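Student: I am new to this structure. Can you show me how to read it, feature by feature?

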Amino acid sequence: MSVIRQDVGDRKTGELRVVVPGTDGLVLTVHHTVNGVRIAHFQHVAFNREGSSFLAADHLGHVYLFDLIKNSFKLVQQCKKACTSLVFTLHEPTEYIAALSDGCIACFNTETCRTVNWLRGHESPVMGISVDPSGRRAISTSEKTADLWDLESYQHLQRLGVMRDVGVQTVFFFPVGHTILSCFKDNSIFAWDGDSLSCKYQLPVPTNSPEVNYKCFAVSGNGQVLVAGGKSARLHVWSLERQSLVTRLQLPSDVRAVRHLDFLPQLFNNRNDEILIAFCQDKAVRFVHLKSRHVFLALAGGADLLEKTVVSPTGRHMVAVVASGAICVYETVALNENLQKPLAKVVQLTEVNLVKRTCSEKTQRGKRAGHRLAYAFGSLRNVEQCMIPEMLDRKRLVNFVKCFGEYPAKYRQLIWQSLLKLPQNNDIFRSLQSMETHQAFVELQKVYPRSSHKLHRVLKRILSALAHWMPLFEVLGYLPQFVLPFVKLFQNNHLLCFEIVATLMANWCQHWFECFPNPPEVILGMVEKVLRHHDEVLLQHFVSCQVTAQEYAWPLLETLFSEVLNQEEWLCLFDNVFSNEPAFLLMAVVAYLLCSHQRLMSIVDQKDFEYFFHSRSIMNVCVLVGKTYELLDGTPIEVHQGHMLQAFQPLGHQQHTLPNKLPNLWVNEANLKLERIRQEELKYLRHRESDQNLVVEGAKRSKTAKPFQEEQQVLRTGDQRCLGLGVEAQGHANQRTHVSDADGMDATNGSPCMKRVVCTASLLPMKHDSPIEDLRMLDASSRQKLQDQDDLRDCEMAEKLGRSKVTSKELEAQRTDAEQKVEALALARNQLLDPLHEHRREVSPESENDRPSQKPNLSRSVSLDRCRNMDGREQDLMQNVRSLRRRLVSQYLPSSSEA
């Protein structure tokens, strides 16, 4: 796929279109145009510590952050002046240092896009900035001075002494340790102690060779090899351990000067970098192998010449600044095929057509040559097509993983199959799968619930096959967590998943089951010895906190690091595990503890330790694997006791057998114990089931017994009332008998009838007490029901009218108040009219019989004719009555109408 030039433009954020690398390894090309016309030339590039993103600054002061994981870019700073150097601080992942053209140095933050602090002191532009491995100090170099800075307090520590007549060429920190290397313009090279700033040694410069005029330097990742180049085609190689010149390399004749040197990092080969990247005056990048002294690859930009190259700390990517101002991103993994064969001259990979041979042509050539065919990694696609995994050379694959850290995801399945020498015995696997699901994993979903039904189904099949293959596996509590990563990786190839797990159990899990069901004491003892040898302080901390190897080592082993690493990190780790001896897995446990030294020393509580070893941690897997290789190579044999572990033995082709078999006696005892436990469990389950049935039956009976008890209680109450009524009736009968007997005795007094009447009257209320009381209760309940209905109706009416809640009692109170006001009005009127009637009687004294009977009309007023016949006193009285009446009507009638 061709690479398209992408323009950043005036956007502050955006996405990147990364393509599949071709033979030249180019995956991305980016340029920057301002306002769609002016081109902003990128000048400086700097990778972060993980190599996942890089900064790029143009000549206008724009600084962009390109993320190679998320495939995105972001404008993080707009400096008013051009940058002369860029570097990440390493102490804070989001902070970087930029040197400006006016000599000032600024520290910026990529997330907040703000200035953190300024470092001032240089009078001339800074040519380079170097940060020590701890990220706490930095050295800035200008034409005449070199200053040491504290990146925690952003203070100037010291200005390194420089002779007046000799200028500074470069000053930088070693990749490891605290050593500072300085080179002056007179070709003198000194090594300084970073703490005391005292001179440690001076490297000898050859005097009998032509003038080299050193301009660029490169130090290997382990800090043991120094390479210098300059205005010559020769490279000088020193051994920093012996402090002597080791060799001189002569580049091809078309090279006249070297502008930049860098090592291609090989983090997993004990950082013993062997490939040197040399950027020469002809704008081509040459890959030189120091041991074989061959130029294996020359990379040129074609029509667009290269100006500057920077390699990521992991060695996975390389960024080149071209003459047009754009930046090109290369994947060094794609260049591996070309690194396998030396070149005699410069090859521009963007223009030349590489010769591609098919698998059949290479096979025929190998037969004619009379030797076994050895494939380069770049031709793995042909091997996969021909299905010949035996043709993959194990030694070549091991060298590849040590160089690049991991295998390509596209070929990982094929490579693992070749490394583990899987037999692919499909008949045995079918026979194991044909058996019914093992009883130990029937209820697996309850113990290990999974959202993916397919994943759960495949996991159950693999676990059941393992349990049928080895009866001990059915009681391994950690087996599902052990197998789950491989099931996720090979869901569609059950045979491959089963054989990988079986091979892993047979070789990398030796001596794991000798102390079953307890953790393996032999393995944990080996881990503890290695930890004591390399970090006794951390081991003493574990002892003081009462944390044993069962708590800090066994969780990592039984889960195979799947709980502390993500999928990509886990795959990278096991690419190296399967490529090395069985002791590599134990060394990885110790390496994980050493890489987490600072955080583990801050933990005291045992629950915090348990959480740490069962949760995801932020760790660079490249550092973890590199530390594992260092432990594997640097630990004495008597400490890690690798001789106790047998060499790798693949599974048998005829039948799958474990090389390290368990003692038969122990296996038989374990089987008997398991059978006894199983029988006890079945007995317990039967008892529990019977108890549950009894509880259910009791609940049913209690439900049916409750109504029956209520009926019995009612009957007992009725019987008691009947019995009481019977006793009363018997007492009344006895009383009547007594009265009848007394009739004869009181016959002379004439009172038997009166007594009989009294007795009968006294008996009547007693007979009717019970019915009357029932009627009263019924009447009260009816009244209450009617009252509730009235209240409900009033509430509904109030809600419909939108008013507040009004009850019947409130309406009754308003009605009573209105009636009282009307009665008061009538009473007041009568009081006023009584004197009038009295006066009339006095004026016209007529007999009541002669006057016609008239009923007084309170609502009518006195006529005008009669008022003329009245004297002034009566008229005044009538006038007062009228005014009082109007006032009373206006006062009481509106309120009564509202009520």
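**Reading the fold step by step**

Tutor: Start with the contacts. Of the contacts in the protein chain between residues at least 6 apart in sequence, 55% join residues at least 24 apart. Keep in mind that this is a predicted model.

Student: How many helices and strands are in the protein chain?

Tutor: The protein chain has 24 helices and 31 strands. It has 899 residues, and buried residues make up 45% of them.

Student: Which residues have the most contacts inside the largest nonpolar core?

Tutor: First the general idea. Nonpolar side chains tend to be buried together in soluble globular proteins. Here, the largest nonpolar core has 112 residues, and Phe486, Phe561 and Phe578 have the most contacts inside it. Helix α15, residues 583-595, gives this core its largest share, 12 residues.

Student: What is Phe486 in contact with, leaving aside its neighbours within four places in sequence?

Tutor: Its partners include Trp416, Cys497, Ile500, Val501 and Leu504. Leu560, Trp570, Phe574 and Phe578 are also in contact with Phe486.

Student: Now helices. How do I describe two that pack together?

Tutor: Two packed helices are described by the angle between their axes and the distance between the axes. Take helix α14, residues 567-577, and helix α18, residues 621-634. Their axes come within 10 Å and cross at roughly 20°. Angles under 35 degrees count as roughly parallel, and α14 and α18 are therefore roughly parallel to each other. Their crossing is right-handed.

Student: Which residues of α14 and α18 make the contact?

Tutor: On α14, they are Glu569, Cys572, Leu573 and Asn576. On α18, they are Val621, Val625 and Tyr629.

Student: Which residues are buried in helix α3?

Tutor: An α-helix has 3.6 residues a turn, so residues three or four places apart point the same way. In α3, residues 394-404, the buried residues include Leu397, Val398, Phe400 and Val401. Cys403 and Phe404 are buried in α3 too. What covers the buried residues of α3 includes α4 (412-420), α14 and α18. Just after α3 comes Gly405, with a positive phi of about 90°.

Student: Next, sheets. What is the strand order in the open sheet that contains β21?

Tutor: A word on strands in general. In a regular strand the side chains alternate between the two faces of the sheet. This open sheet has 4 strands, ordered β21-β22-β23-β24, and its pairing is antiparallel.

Student: Why is one side of β21 and of β24 left without a neighbour in the sheet?

Tutor: β21 (214-219) and β24 (244-250) stand at the edges. Each has a single partner strand, so one side of each has no neighbour in the sheet. Neighbouring strands of this sheet are turned by 25° against each other on average, direction ignored. Inside the sheet, 4 bridges join β22 (residues 225-230) to β23 (residues 234-239). Val227 stands opposite Val237 in β23.

Student: Where does Asn187 lie, and is it buried or exposed?

Tutor: Asn187 lies in the loop between β18 (179-184) and β19 (189-193). Buried means under 20% relative accessible area. At 8% relative accessibility, Asn187 therefore counts as buried. Asn187 also has a positive phi of about 70°, although it is not a glycine. Leu197 has a positive phi as well, near 60°. Leu197 lies in the loop between β19 and β20 (199-203).

Student: One last feature. How many residues lie between β7 and β8 in their hairpin?

Tutor: There are 4 residues between them, and Asn71 in the turn has a positive phi of about 55°. Strand β7, residues 62-67, runs antiparallel to β8, with 6 bridges joining them. Val63 stands opposite Gln77 in β8. Strand β8, residues 72-78, is also joined by 3 bridges to strand β2, residues 13-15, and these two run antiparallel. Gly14 has Phe73 in β8 as its bridge partner.

Terms used: Residues numbered from 1 in each chain as written. Predicted model: local features only at pLDDT ≥ 70, side-chain atom pairs only at ≥ 80, totals over all residues. Heavy atoms only, no water. Pairing = 2+ DSSP bridges. Core = buried A, V, L, I, M, F, W, Y, C linked by side-chain atoms within 4.5 Å. Buried < 20%, exposed > 50% of the residue type's maximum accessible area, 1.4 Å probe, protein only. Contact = heavy atoms within 4.5 Å. Axes fitted to C-alpha atoms, helices over the stretch in contact; angles between N-to-C directions. Parallel < 35°, antiparallel > 145°, perpendicular 65-115°, else oblique. Left-handed = near helix turned anticlockwise from the far one by under 90°.
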